[in-house]
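Trainee: I would like to go through some of the terms used for helix packing and cavities. Please set each value against its definition.

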Amino acid sequence: MADIKDVLVPDLGEDSVEVIEICVAVGDSVEAEDALVTVESDKASMDIPAPFAGKVSALNVSVGDKISEGDLLAKLEAAGAADSAPAAEEKPAESAPQAETPKQEAAPAAPSGGSSVIDVTVPDIGDAADVDVIEILVAEGDTVEAEDGLITLETDKATMDVPSPQAGKVVSLKVKEGDKVSEGSLVLTLEVGGGEVAAPAEDSATTQASTPAARSAAVTEDAPVEEAAEEEIEVQVPDIGGDTDVDVIEILVAEGDTVEAEDGLITLETDKATMDVPAPKAGTVTKLLIKQGDKASQGTPVIMLKVKGAAKPAAPKAESKPAAPAPAGNAPQQKAPPVPHHPSAGNKPKSGKVHASPSVRRLAREFGVDLTQVDATGRKGRILKEDIQAYVKHELARPKATAGAVAQGSGGGLQVIAPPKVDFSKFGEVEEKPLTRIQKISGPNLHRNWVTIPHVTQFEEADITDLEAFRKDQNKLAEKKKLGVKITPLVFMMKAVADALKAYPVFNTSLSADGESLIQKKYYHIGIAVDTPGGLVVPVVRDVDKKGIIEISKELMEISVKARDGKLKAADMQGSCFTISSLGGIGGTAFTPIVNAPDVAILGVSKSDIKPKWNGKEFEPRLMVPLSLSYDHRVIDGAVAARFAVHLKAVLEDMRQMLL
């Protein structure tokens, strides 16, 4: 007489895994240990086998589902020798005997004669011999499941993991990274439980059928204990390569969200890269300790996270049963980091889910490749070693259209010889002074802008004789009214630039990250280069076109004081459309300012001087100010730049033109 029995998900060593393939169909006949479904975790792919022979009566999962230990996987119709199994299988459904079932599971030594230590050797790896061990995936004392990767091997043809033949505990490692191994080489010794060893060999389905049920009963019994074992931990910013006071540009979670281990929590942006701070464990966000726009360094608190206590492995899985649907439900809401797509990835969005072996992930880390941007060509959408190589080749061959495309290292990626190493102390007394923090930050940015932006500079002179007379009159009037403000020539420059940006909108754009389009801005924020004791900073005055001369003068005075006192915030120096660098108070006749990316132009203002100008009848003294307009020739043509400079000159010479 055949009976239908439930097949539950066994202990997989993970809180939850994803079903990536259904290996059987309803009505199929299967033997014991035949694969029912294939699942994938962050560590490995594995098959869940049938615990006994029978016929598939129902499938309770589908591709893409998240499952955990104890979840109902399928229903099998067993007959013949399996008749003794139903009694054991039905035990979880009874309320009274549940307390006894875990006890039987906890003492597997009785039927098997105790645990044993087995040797794990390298399986058949084709004709390859003396293969390199490139990664050790476990350590002595680790607990592994059947099919978990133990070591990673690399041949001339492929990279592969040596799986564990059974579940157990690693007693002793016999190889190390860099060793050469062949088929039959001893990898490690593994302590396996008697019940686990006997289960595959037994013909009777009773023990196999009862194993998932007993585990389910044990999980049910342990769940209340582990509920009380939850703890709240503080998640901090990990090592970010020595950077400090890094901008928090995006918060990826909210209070109450459920996150998995390695899910992004916040996004940080340094001068070199954008990175996510991952969750160290799965849990629930109870409190946000940081907000967008804050500065963070290593050790800065990010969130409070409620996680499961460090009890036996069964406990987190018991907790994960009700929580398993939550990550799947939250996944579509997870925000993608604000990093532009790589061209080789097409329009594929960042999903955060990739299928790759540990060796492929290791190769990606070595090359700094973001796996979510790599096209997978392997079976079941897995990323292969060849995919990583193709991605890197594409990156190296792709024309670099962005300002951040300069390689690091000697010569700045320009294939020039390295600078000479000189011992200056041989020629006299020297003193080494460290760069200021601002110099350390601005120096690489200026170098990047100079070597990646094709600069052209347009020179012009503007007659500001009448403008200067008007400015002095207004300052006298402001002093009489005790307005507490002093109008500088720079304020008129800012208003004239805003008017020129409206007349020539191409100057009010930025090149897109992929270099394929322009981002047209509808606002007019002007950056002002300010010289401080620590170095050059560029605070931004917003909406210059909407403000009057007095209002801009007051704001300019305030940000200048904050800049010299070192009290500028990151937000004060972001969002500029155009930059003005004025050296008028120092001297000089002209200079070539460096474009402040992502702006496409910058105006340099030098010291004004009295010069003789012909008025049609005679030479008369006029106050002339030199203007140096540097621009990005990828975006702006020379003729447009010349017209922009002439428009600027005309407005400075007669401010009434701004009214037309």
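Trainee: Why are α12 and α14 called oblique to each other?
Mentor: Their axes cross at roughly 135°. Angles under 35 degrees count as roughly parallel, over 145 as roughly antiparallel, 65 to 115 as roughly perpendicular and the rest as oblique, so α12 and α14 are oblique. This is a predicted model, where local features need pLDDT of at least 70, side-chain atom pairs count only at pLDDT 80 or more, and totals for chains, interfaces and linings use all residues. Residues are numbered from 1 along each chain as its sequence is written, and side-chain values use heavy atoms, with hydrogens and water left out.

Trainee: Which residues of α12 meet α14?
Mentor: Among them are Phe492, Met493 and Ala496, and the α14 side includes Phe644 and His647. Contact means heavy atoms within 4.5 Å.

Trainee: Which residues line the largest cavity?
Mentor: Ile464, Leu467, Glu468, Pro489, Phe492, Met493 and Leu652 line the largest cavity. They divide into six nonpolar, no polar and one charged. The largest share of the lining, three residues, comes from α12.

Conventions:
Axes fitted to C-alpha atoms, helices over the stretch in contact; angles between N-to-C directions. Helix = DSSP H or I, 4+ residues; strand = E, 2+ residues; numbered from the N terminus. 1 Å grid on protein atoms, 1.4 Å probe; cavity = no way out; pocket = protein on both sides within 12 Å on 5 of 7 lines; lining within 4 Å. Nonpolar A, V, L, I, M, F, W, Y, C, P; charged D, E, K, R; others polar.
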